[in-house]
Amino acid sequence: MSASISLEELLSEIKRTSNGFEDGHTLRELKKSMGIGVKKLGDLLRDAIENGSVEVGRSERVALDGTIRVVPVYRVRKKK
């Protein structure tokens, strides 16, 4: 994806890649799948959180040293 990604594209990508990640995606996972920089992705996520499209949670992931760490994850908020 290009660096001019929109909020709608971000939400679509989170939904598309959510199979197997019901707990959400880390910033690193989203960055890798979307191919955009951390600053741009952070700005998009901040906007999505502020408008209620995305929620932040916590999930366990295995770190490089093999330990389990609790990290922030992002997921599309289900519409009520």
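Trainee: Which residue forms a salt bridge with D23?

Mentor: Start with the general idea. Side chains of opposite charge can pair when their charged atoms come close. In this predicted model, D23 pairs with R61, and the closest N and O atoms are 2.9 Å apart. D23 sits in the loop between helix 1 and helix 2, while R61 is in strand 1, 38 residues away.

Trainee: Is R61 buried or exposed?

Mentor: R61 is buried, at 16% relative accessible area. D23 is partly exposed, at 28%.

Trainee: What else forms a salt bridge with R61?

Mentor: E29 does, again with the closest N and O atoms 2.9 Å apart. E29 lies in helix 2 and R61 in strand 1, so this pair ties together parts 32 residues apart in sequence. E29 is partly exposed, at 24%. The whole structure has seven salt bridges.

Trainee: Now the core. Which residues have the most contacts inside the largest nonpolar core?

Mentor: In soluble globular proteins, nonpolar side chains tend to be buried together. Here the largest such core has 14 residues, and L10, L30, M34, L41, L45 and V54 have the most contacts inside it. Helix 1, helix 2 and helix 3 each give two or more residues to this core. Leaving out residues up to four places away in sequence, L30 touches I14, H25, L41, L45 and Y74.

Trainee: Last, pockets. Which residues lie nearest the centre of the largest pocket?

Mentor: Rolling a probe the size of a water molecule over the atoms shows where empty space is left. The largest pocket holds about 330 Å³. Of its 13 lining residues, T26, R28, R61, V62 and V71 lie nearest the centre. The lining has seven nonpolar, one polar and five charged residues.

Conventions:
Residues are numbered from 1 along each chain as its sequence is written. This is a predicted model: local features need pLDDT of at least 70, side-chain atom pairs count only at pLDDT 80 or more; totals for chains, interfaces and linings use all residues. Side-chain values use heavy atoms; hydrogens and water are left out. On a 1 Å grid over the protein atoms alone, a cavity is a set of points where a 1.4 Å probe fits but cannot get out, and a pocket is an open set with protein on both sides within 12 Å along at least five of seven lines; lining residues have an atom within 4 Å of a point. Grid points are joined across faces, edges and corners, and a volume is the space filled by probe spheres set on the points. Ala, Val, Leu, Ile, Met, Phe, Trp, Tyr, Cys and Pro count as nonpolar, Asp, Glu, Lys and Arg as charged, and the others, Gly among them, as polar. A nonpolar core is a set of buried Ala, Val, Leu, Ile, Met, Phe, Trp, Tyr and Cys residues joined through side-chain atoms within 4.5 Å. Buried means under 20% relative accessible area, exposed over 50%, partly exposed in between (1.4 Å probe, protein chains only). Helices (H or I, at least four residues) and strands (E, at least two) are DSSP runs, numbered from the N terminus. Contact means heavy atoms within 4.5 Å. A salt bridge is a side-chain nitrogen of Lys or Arg within 4 Å of a carboxyl oxygen of Asp or Glu.
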